[in-house]
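My notes follow in the order I checked them.

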Amino acid sequence: MKLLTPSLLIITCFVIGGMFFKSFAPRGCENIRPDDTVFVLTGDMRRIPFAMRQLRKYPGIDLYIIGAGANGSFEMTRRVTIETSSKSTYQNALAIKKIAECSGLDRLVIITTEDHMNRAKYLVKQELPNSEIVACPVPLTDMPVTKRLERWVIEYIKYIVTLFGIKEG
């Protein structure tokens, strides 16, 4: 019985923490301004088409597609820049930092899937603590509930690991 109690406590804390993790994730795009700079993190096939729809709604924004998942299967415009060397969320944050510092940006719109947003925002904020980070999450639609739950759990575990200082992996 003594062994069961700490295990039950750990599991309970994990579950409650996961519920907070999901409840604190942004549900929809925050206020995008017509002259914002938007960064879309690749890794999920929904992100780039979602970002391109935002570009059509706000034709004045500059859009950066960050990460190895940018494959050119979208309409290129003069306002789209592709960065393909970063291969992880942490490397995405470093790429965003470099672009933001070179361009003098202090307000950044981040597009990524809703399950990935908390960790992405956290890593970007760690690199650019004085910047305003605006979330624009891509909803996980057309996906079975079990797959969505699996993705949320994986991202929650990655978030916990990130909080302990492990940014890659």
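For the helix pairs I took each axis as a line fitted to C-alpha atoms over the stretch in contact, with angles running from 0 to 180 degrees between N-to-C directions. The model is a predicted one.

**Entry 1: helix 3 and helix 4**

I looked up the pair formed by helix 3 and helix 4 (residues 117-127); their axes come within 9 Å and cross at roughly 45 degrees. That angle makes helix 3 oblique to helix 4. I noted the crossing of helix 3 and helix 4 as right-handed. On the helix 3 side I listed Thr89, Tyr90, Ala93, Leu94, Ile96 and Lys97 in the contact, and on the helix 4 side Arg119, Ala120, Leu123, Val124 and Glu127. Sorted by class, this contact has seven nonpolar, one polar and three charged residues.

**Entry 2: helix 4 and helix 5**

I then turned to helix 4 and helix 5, whose axes come within 9 Å and cross at roughly 20 degrees. Angles under 35 degrees count as roughly parallel, and helix 4 and helix 5 are therefore roughly parallel to each other. I recorded the crossing of helix 4 and helix 5 as left-handed. Helix 4 puts Asn118, Arg119, Tyr122 and Leu123 into the contact, and helix 5 puts in Glu155, Lys158, Tyr159, Thr162 and Leu163. I have four nonpolar, two polar and three charged residues down for the contact of helix 4 with helix 5.

**Entry 3: the largest pocket**

Next I checked the largest pocket, which has a volume of about 450 Å³. It is lined by 26 residues, and I noted Thr89, His116, Arg119, Glu155 and Lys158 as the closest to its centre. Thr89 and Arg119 were already in my list for the contact of helix 3 with helix 4, and Arg119, Glu155 and Lys158 in that for helix 4 with helix 5. Helix 3 (89-103) and helix 5 (145-163) are the elements that give two or more residues to the lining of this pocket. Helix 5 supplies the largest share, seven residues. By class I wrote down six nonpolar, 10 polar and 10 charged residues for the lining of the largest pocket.

**Entry 4: the second largest pocket**

Last, I looked at the second largest pocket, which holds about 200 Å³ of space. I listed its lining as Phe14, Val15, Gly18, Met19, Phe21, Lys22, Leu149, Trp152, Val153 and Tyr156. Helix 1 (4-23) and helix 5 each give two or more residues to this lining, and helix 1 has the largest share, six residues. I noted eight nonpolar, one polar and one charged residues for the lining of the second largest pocket.

Definitions and conventions: Residues are numbered from 1 along each chain as its sequence is written. This is a predicted model: local features need pLDDT of at least 70, side-chain atom pairs count only at pLDDT 80 or more; totals for chains, interfaces and linings use all residues. Side-chain values use heavy atoms; hydrogens and water are left out. On a 1 Å grid over the protein atoms alone, a cavity is a set of points where a 1.4 Å probe fits but cannot get out, and a pocket is an open set with protein on both sides within 12 Å along at least five of seven lines; lining residues have an atom within 4 Å of a point. Grid points are joined across faces, edges and corners, and a volume is the space filled by probe spheres set on the points. Helices (H or I, at least four residues) and strands (E, at least two) are DSSP runs, numbered from the N terminus. Ala, Val, Leu, Ile, Met, Phe, Trp, Tyr, Cys and Pro count as nonpolar, Asp, Glu, Lys and Arg as charged, and the others, Gly among them, as polar. Angles under 35 degrees count as roughly parallel, over 145 as roughly antiparallel, 65 to 115 as roughly perpendicular and the rest as oblique. A crossing is left-handed if the near helix is turned anticlockwise from the far one by less than a right angle, and right-handed if clockwise. Contact means heavy atoms within 4.5 Å.
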